[in-house]
Amino acid sequence: MADPRAAPVVLTHGERAGLAAWAGDPSAGALALRARIVLACAAGPPGPPVSRVAAELGLSRDTVRKWRSRFLARRLAGLRDAPRPGAPRTITDQQVARVITRALLEEPPPGRPRWTTRLMAAETGLSQSAVSRIWRQAGLSGRLGEGGQPPRNGSAVAVMPPHAVTARRAGMGAAAAGLAGLSTDPGRLDFTRIGDNDAMGDMQAGFQQRKAPQEASVTGERAGQRAAASPGEHREGAVRETAGRETAAREDVSSIRPSAGPPDGRAGQRADLPPGRYFDREESWLSFNQRVLELAEDQSLYLLERVRFLSIFASNLDEFFMVRVAGRMRRMATGLPVESLTGLPPEEVLTRTLDKARELQVRHAECYARSVLPALGKEGIEVVRWKELSAAEQSDLQRLFRERIYPVLTPLIVDPAHPFPYISGLSLSLAVMVADPHTGATMFARVKVPPLLPRFLTVSQYRFVPLEDVIAAHLTELFDGLEILEHHAFRVTRTRDLEVDEDVTENLLQSLERELQRRRFEPAVRLEVEDTMSSDVLDKLVTELGIDERAVYHLPGPLDLSGLSIIADLELRQLKYPAFVPSESALPQDTDIFTTLDKQDVLIHLPYDSFTTTVERLIVEAAADPHVLAIKQTLYRTSDSSSIVDALVDAALAGKQVVVVVELKARFDERANITWARKLEEAGCHVVWGIVGLKTHCKMVLVVREEPDGSLRRYCHIGTGNYHPKTARLYEDFGLLTADPTVGADATDLFNHLTGYSRKSDYRRFLVAPAGLRPGLLERIAHQVARHQEGKPAQIRLKCNSIVDEVMTDALYEASIAGVPIDLWVRGICSLRPGIPGLSETIRVRSVLGRFLEHSRIYAFGTGEDDESDVWIGSADLMHRNLDRRVESLVRVIDPAQKAELRSLIDLAMDETTASWWLAADGIWTRHHLDSSGQPLRDLQQYLLARHAQPGH
């Protein structure tokens, strides 16, 4: 039989006309792209057209091959999406389009300041939950601000101002329909259904060719607005602007210079700074994970720590796809892409992100197979495949399979009576092709690898085999009487970003529980397959999952190396970092904590100082102290068996007033937070869910105690990390324990803001987001610029997890242009380009990764030589979510010795004799960990461990 992939594409006159009509219709969306593929295949010279067409259209060969084959098999009908199984739709395409266009382009009814889901439901006749789902899938938030403006909490997509809406409404009908993916011709609807996986990949692939309405563009995580213009002027201006940004993004970094220019339309950015001054957020995050991988590749590290870094890399990448990549794909599929700060088209940003992730995943697999696995073998630790086991070992595992594994397996066949099964996110599966020897029919089957069983089964001490190998070796028992033709492991990643419309939800707890159930059915965003998988099996998976073919990753087995944590946890101390005991000297052990804090503030540095004898001690002693009247605390994450939660329960049972502000939407910890939130409520604690539309991310404890003289005194802890005993030994964080009345007053005001919705915005020793944190930091940056211009000592030094916010980044650029020395210690994402003459030549960026996760945030202004210098610590990074969509707090440190300690820590990190990664202007992070003679540079974390272990520290 001839190979259909080699058959020429010959079109009839009618087919060519139909394809041309689709290809020229901007509202046809994915169908237009598929038509262009077929036309290009038919138009070229004889011979294999796939590579040529892929190059011409800027697509992957797999995408071209897929739609060329479908056309040859089913002609025009093969280019349309097949109907999905399930209950009939109750909401029409027109209703969906109407909800989206009204929210984006029309003013709310007179007397109503903004669109809400309740108001939209009343206007359209849909239910509130239906409106919420449509807005969520279209990338819109739960409400739009007054006059079309985003509300202060930043929870809405930007829309045109009212006067622009009025001026443009007449000319926006076709564009609005294009926004929803809906043809303006009522006789032909080519609508990409909200949440439709199959269409999602093609919408992503074809987005660059679509002309989405510019008025509703969304920039990064924050929306900008454009001035109204005539339709012709707007389209031409958009083309010129896009072309300019693409050109600037591709220029060499040496060409980036400060220059006056037109505003680029992004809210808060400086128009007089050059384009191309930001690194792409996604690529910067992938560079962070690459630094984690470099630790796993470092043969000088302890072997089991290298294994752990391999596991961390895999887990990090899973979360990246579930949140960042999934969010980008969903918005692109619904016609509302997130633009990149680099100015590159959304399609190109996605392609670059997926390609970089692929490169790192392959490198990760090679590190495991070629470096770590042989090194483990030399230490007597073996991870083997089924064929490498002895007959006796296979016999033992066969018995284990029948007793412990077989009962929990559910093989699912795919045939006309059994549709393709739903495959949950991050689940490892076996794709099996079986044949019926009686009929000769071949069928596809899926066997899920049980997630509750160990990822690697113990064969004998320090000898392991992947669980999927054991299942694969016994497939004949699952498919008795059938022939096993082939089997391969695969793994699906789905979006997992939580979406709850708080404007509708009256009981946030119950809504979150329902959302956690719905989350299982989110779209697939990545498919990992063993590189031995045949093209037939792969095509089946790609088609049924509706996955973007660029997000298919061919890897050598075993997949899911996050499960290597089992190996890393082996009790072989000689292959791990030396054990350490946190210092208990931060607080005197022979005096109660309240007496100590009456005399002085105490700065805690975790994990070098003990969490148990400092932070946890404050809460436990407060719960037991009969003079304590009230305890208030924010909880973002904590452990399942938390002494802090138990202490709060005890305090409530003892009659104390206990208020706990719980953040139920802490990503990936929602279920655990719901569990212990109920436990606190049942004990009589006042549990508050924070402020609608904002995550409560600040870290605070407030204890109100009656003193012997009858007065009340407030004791506080303000921290940079969570109240989590387990991560307190793994994360580096700072915390301030204080009885300072000013801090107590600020903490009281902030808790009242969280529990009573007060409108407090000015504080004494606090900077609080979303109202005051960004302005407060900008004011201090500007002050250092003014000092430098006056000839006074000036300096800016920051330590944080990520720098993404354009306004803060531009302020740092301005300070550098003025000549202020700036040191940035950034663990993760950094969108700022350092070292560019005339723009950022006074800025240095360093990153430190190692045994502990650098998690603290320090903001230091001035050289420390005068009273105007100040140092702040707290919970906020320089990201949009921290500054605009969360309640965050920084506290000013006033003790001179503590300020000097914080400054000296940054000195150590920036010192050239300390091992770290340096960021260059081209975006490359270079590891500096050896001196000129090849000897290791100072390990900052090991140095701090040794210093805290010294007597009298």
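1. Start with tryptophan 285: at a relative accessible area of 15% it is buried (buried means under 20% relative accessible area, exposed over 50%, partly exposed in between, with a 1.4 Å probe and protein chains only). Phenylalanine 320 is buried too, at 3% relative accessibility. Bear in mind that this is a predicted model, where local features need pLDDT of at least 70, side-chain atom pairs count only at pLDDT 80 or more, and totals for chains, interfaces and linings use all residues. Residues are numbered from 1 along each chain as its sequence is written, and side-chain values use heavy atoms, with hydrogens and water left out.

2. Now the ring pairs. Rings of Phe, Tyr and Trp (its six-membered ring) pair if their centres lie within 6.5 Å; planes under 30 degrees apart count as stacked, over 60 as edge-to-face and the rest as tilted. That rule gives eleven aromatic pairs. Tryptophan 285 and phenylalanine 320 have ring centres 4.5 Å apart and planes at 5°, so they are stacked. Tryptophan 285 is in helix 12 (residues 281-297) and phenylalanine 320 in helix 13 (residues 303-333), so the pair ties together parts 35 residues apart in sequence. Helices (H or I, at least four residues) and strands (E, at least two) are DSSP runs, numbered from the N terminus. Ring pairs also bring Trp285, Phe288, Phe320, Phe321 and Tyr553 into a cluster.

3. Arginine 291 lies over the face of tryptophan 925, 3.9 Å from the ring centre, and arginine 455 has its charged end over the ring of phenylalanine 456, 4.9 Å from the centre. The test here is NZ of Lys or CZ of Arg within 6 Å of the ring centre and within 35 degrees of the ring normal.

4. Next, serine 610, in the loop between strand 12 (602-606) and helix 22 (615-624). Serine 610 counts as buried at 7% relative accessibility. Its side chain reaches the backbone nitrogen of threonine 612 at 3.3 Å, and a 3.2 Å polar contact joins the side chains of serine 610 and threonine 613. (A polar contact is a pair of N or O atoms within 3.5 Å; within protein, one must be able to donate a hydrogen and the other to accept it, and residues adjacent in sequence count only if both atoms are side-chain atoms.) Setting aside neighbours within four places in sequence, serine 610 is in contact (heavy atoms within 4.5 Å) with Pro582, Ser583 and Glu584.

5. Which residues of helix 30 (residues 940-949) are buried? They are Leu940, Gln941, Leu944, Leu945 and His948. Down the axis of helix 30 these fall within an arc of 140° (taken from the directions from the helix axis to the C-beta atoms), so they line one face of the helix. They pack against strand 12, strand 22 (822-826), strand 24 (853-854) and helix 29 (896-910). At the start of helix 30, a side-chain oxygen of aspartate 939 comes to within 3.1 Å of the backbone nitrogen of glutamine 941.

6. On cysteines, the whole structure has zero disulfides (pairs of cysteine sulfur atoms within 2.5 Å). Cysteine 830 is in none, and the nearest cysteine sulfur, that of cysteine 800, is 8.0 Å away. Cysteine 830 counts as buried at 1% relative accessibility.

7. For the overall picture, the protein chain has 30 helices and 29 strands. Of its 953 residues, 57% count as buried.
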